[in-house]
Amino acid sequence: MSRLSHSLNKMREVVETEFEEHIAITTKNDFSAAIKAKREMSRDFTLLDGNNFKDAIYGKKFYVTKKLDGIFVYGSAHIYNKKVSVTFATSSGDELKDIKCLDEFTEYIEKENSRLNSQNLIPENFHVAFLMELYLPGEKRTRVADVLHALACEKKDELALAIFQREDKIYRIREDDEPYDSRLKYAANLFSGAKQISTVPYCVVEAGSEETVDDLRNRVSEIYNQWVVKEGAEGLVVRNENGAIWKIKPRHTIDAAAIGFAQDTDGTLRDIMFAVLDKDGKYHRFACGATGLSYDDKEQLLSYFQKRIMPSVNFSHANSAGIPYKMVYPEKVFEISCVDLASKKGDEKPCKNDLLIFDGDSWQTKGLVNGASCHGLSVVRERDDKSCVYEDIRLEQLSQISPFAEDDDAVDFENLPESSVLDVHVYKKQKGKSYYAKKFIIWKTNKEQTKFFPPYILYYEDFSSRRQEHIKRDIFTAETYEEAEKMLNPLISKHVKEGWTYVC
């Protein structure tokens with residue numbers, strides 16, 4: 001072999017090694033970028049009711065896109081030393097591959113690489129990324145459950161990609177950035193001729209010389225009525241020229257049973273726990289809230305619920321303020337409404353609902369099943385004409401709006417390991433005929449592997465024979481025993497003063 005050939009081979013090896021090392025680093029970064037992009041996008045959306053959104057949107061120019069119900073995909077293309085690498089990641093950072101539309105995406109990126117090379121336009125290190133929706137095309141609206149099913153069977157090559165954002169620096173659009181529609185046009189030109197790749201359907205609504213903001217809002221409303229009301233699309237995403245983003249979806253109504261309640265720190269009613277029934281008589285807890293109820297409504301309901309409290313054998317749930325719910329006898333039915341009912345979370349994982357049984361004397365859980373989460377909840381009215389039977393509060397009210405993912409990883413609460421009690425402190429006091437007790441317990445749940453339980457719990461119980469509500473409880477969570485132990489002594493000092501006797 002000549003010295004020249006040997007030198008050329010060495011150069012190729014160096015280039016190959018550099019390329020592999022560069023791609024290994026950038027691919028890892030792509031998976032992190034996918035998670036970040038989805039989280040930021042979900043965080044910055046403002047959810048609006050399709051029946052009443054016009055006054056909430058503002059601007060001189062609106063970019064209106066049709067919302068497709070699919071799986072978020074972060075498609076990232078790197079060109080390093082004129083070589084191409086493309087990765088596809090979901091919002092949970094998992095890699096997608098071996099799908100026909102993804103192969104077509106890579107093919108068009110390689111065509112663009114060849115074009116840039118032929119014109120000597122390509123820089124040494126070029127990167128472009130697209131935020132996309134992986135969906136199942138069809139005449140009728142398809143849902144994320146259809147996409148998940150297609151991925152699991154031979155229909156995955158029927159899936160398509162809809163691009164809704166080109167991301168060079170950051171997905172948001174500011175005044176000094178390239179306009180949103182220009183980014184979509186770039187993607188449309190890049191993938192012109194592709195069979196399974198397109199941009200999302202979109203419209204640009206811009207004020208004419210004599211148009212007002214109300215005129216623009218009315219035009220967006222007309223698009224909503226056409227795409228969502230008439231054609232059955234999931235909703236709209238509306239951006240203005242300054243980067244504000246709104247997700248506009250139709251409001252759904254559901255009849256559900258009230259199965260629990262939580263009070264606020266001042267003792268007033270804070271939240272009601274709602275559930276629907278399946279054909280086997282099991283309750284699926286899917287929503288909590290009390291928005292829409294007046295102060296008088298809350299007072300009357302609190303008095304009603306307090307007289308119907310029922311024990312719970314192995315189920316507990318706390319609201320966003322950390323206040324535990326008290327379970328009640330299931331007999332009241334409410335009509336509730338929500339703007340968004342989703343069967344998947346931001347990371348594309350299925351939403352989980354508690355599966356509960358009421359035997360007439362107490363509540364108990366049968367684990368978690370795939371279901372739906374409720375956003376923008378409002379209590380419309382009490383349904384005196386309905387009762388807690390399947391025909392009136394059936395589960396399918398949820399699944400028909402947002403079909404559930406296949407239930408392949410339900411958590412069986414009955415067969416989980418028992419908790420281990422690590423530390424117990426009990427204090428008592430008697431004053432006349434009144435008795436008082438305070439109990440502090442640290443236990444290890446041994447259930448943290450389910451990701452639905454914390455590793456450690458610090459439990460505080462306060463008993464007073466003089467109160468109408470004899471027992472009050474509070475729960476604190478911890479990642480380690482040392483963390484729980486640090487919370488214990490301040491808690492005891494706060495609640496145990498002079499006159500108390502240490503029992504154990």
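The model is predicted: local features need pLDDT of at least 70, side-chain atom pairs count only at pLDDT 80 or more, and totals for chains, interfaces and linings use all residues. Numbering starts from 1 along each chain as its sequence is written, and side-chain values use heavy atoms, with hydrogens and water left out.

**Stop 1: Asn370.** Select Asn370, in strand E18 (residues 363-370). Helices (H or I, at least four residues) and strands (E, at least two) are DSSP runs, numbered from the N terminus. Is Asn370 buried or exposed? Asn370 counts as buried because its relative accessibility is 5%; buried means under 20% relative accessible area, exposed over 50%, partly exposed in between (1.4 Å probe, protein chains only).

**Stop 2: the open sheet.** Select E21 to E25. These five strands form an open sheet, ordered E24-E23-E22-E21-E25, with antiparallel pairing. E24 and E25 (501-502) are the edge strands, each pairing on one side only. Two strands pair if DSSP finds at least two bridges between them. Zoom in on E21 and E22: 11 bridges join them, antiparallel. Lys429 has Tyr436 in E22 as its bridge partner.

**Stop 3: helix H8.** H8 packs on this sheet, touching E21, E22, E23 and E24, and its direction makes about 170° with that of E22. Axes are lines fitted to C-alpha atoms, for helices over the stretch in contact, and angles run from 0 to 180 degrees between N-to-C directions. Contact means heavy atoms within 4.5 Å. Select residues 481-495 to show H8 whole: 15 residues, 21 Å from first C-alpha to last, close to the expected 21 Å. The expected span is 1.5 Å times one less than the number of residues. Ala484, Leu488, Leu491 and Ile492 are its buried residues. Their cover includes E21 (420-431), E22 (434-444), E23 (456-464) and E24 (471-478).

**Stop 4: helix H2.** Move to residues 100-118. H2 has 19 residues and reaches 27 Å, close to the 27 Å expected. Among its buried residues are Phe105, Tyr108 and Glu112. Asn120 follows H2, with a positive phi near 55°.

**Stop 5: strand E6.** Finish at residues 160-167, where eight of eight residues are buried. Three bridges join E6 to E7 (residues 197-199), running parallel. Leu161 stands opposite Ile197 in E7.
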